[in-house]
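Let us walk through this model together, from the overall fold down to a few individual residues. Please keep the viewer open as you read.

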Amino acid sequence: MPTIITHAAVPLCLGLGLGSKTIPPRLLLAGVALAMLPDADVLAFKFGVAYGNIFGHRGFTHSLLFAFVVPILVTWLGRRWLNASLMRCWAFLTVTLLSHSLLDSITSGGKGVGWLWPWSDERFLAPWQVIKAAPFALSRYMTPYGHQVIISELLWVWLPGVVVMGVLWHWRRR
């Protein structure tokens with residue numbers, strides 16, 4: 001999986017590129033939170049849930065169902081607070097939540113993503129894994145492997161994100 005910080009790249013780059021009139025700050029904040037939300041499933045380890053279990057890491061919280069339903073709930077419950085139309089809120093939050101499992105599917109480690117839960121327990125990986133899997137221990141980021149993880153995230157997530165942000169910003173300014 002990419003680091004939790006890198007999961008925030010998609011909503012940050014999209015939101016900043018589109019500007020605060022299109023993606024108000026509160027909606028941007030909600031997008032960042034939802035982009036990170038699926039990794040709350042690591043708490044299952046504390047309760048003895050196995051990694052490969054559908055309620056374990058990269059299970060149901062990484063499913064397409066989760067990615068479409070949670071933004072509906074957040075949009076409905078926070079529609080006034082988010083300061084944007086229902087459709088804009090749902091679309092932005094869905095894209096940011098979907099980005100989490102997509103990024104996880106292109107990492108070099110793990111058992112894949114449970115995209116099709118509840119219809120299937122099968123896990124999926126993208127045909128190419130270009131992002132180094134992030135270690136769970138913070139201390140491992142100070143090792144050569146940790147440096148490779150950071151470089152791969154900068155190259156495959158942050159750099160394209162900043163390019164997209166620049167294109168959106170330029171398009172908006174015209």
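How far is the sulfur of Cys-89 from the closest cysteine sulfur? The distance is 20 Å, and the partner in question is Cys-13, which is too far away for a bond. A disulfide here means a pair of cysteine sulfur atoms within 2.5 Å, and a search of the whole structure finds zero of them. Both cysteines are tucked away from solvent: Cys-13 is buried at 5% relative accessibility, and Cys-89 is buried at 0%. Buried stands for under 20% relative accessible area, exposed for over 50%, and partly exposed for what lies in between, with a 1.4 Å probe and protein chains only.

Before going further, a word on what you are looking at. This is a predicted model, in which local features need pLDDT of at least 70 and side-chain atom pairs count only at pLDDT 80 or more, while totals for chains, interfaces and linings use all residues. Residues are numbered from 1 along each chain as its sequence is written, and side-chain values use heavy atoms, with hydrogens and water left out.

Now step back to the whole chain. It holds six helices and zero strands, so the order from the N terminus reads α-α-α-α-α-α, where helices (H or I, at least four residues) and strands (E, at least two) are DSSP runs numbered from the N terminus. The C-alpha trace spans about 45 × 35 × 30 Å along its principal axes. For 174 residues, a compact globule would have a radius of gyration near 16 Å, and the chain agrees with its 16 Å; the radius is taken over C-alpha atoms, and the globule rule is 2.2 Å times the number of residues to the power 0.38. Of the 174 residues, 43% count as buried. Among contacts (heavy atoms within 4.5 Å) with a separation of 6 or more, 64% join residues 24 or more positions apart.

The loops hold some backbone geometry worth a visit. Most residues other than glycine have a negative phi, and most peptide bonds are trans. Arg-58, however, has a positive phi near 65 degrees. You will find Arg-58 in the loop between H3 and helix H4 (64-78), where this residue is buried, with a relative accessible area of 1%. Asn-83 also has a positive phi, about 60 degrees, without being a glycine. Asn-83 sits in the loop between H4 and H5 and is partly exposed, at 47% relative accessible area. Further along, the peptide bond from Trp-117 to Pro-118 is cis, with omega near 10 degrees, and Pro-118 belongs to the loop between H5 and H6.

Finally, look at the charges. The chain carries 14 positive and 6 negative side chains, and the centres of the two sets lie 16 Å apart. Lys and Arg count as positive and Asp and Glu as negative, leaving out His and the chain ends; each charge is placed at NZ of Lys, CZ of Arg, CG of Asp or CD of Glu.
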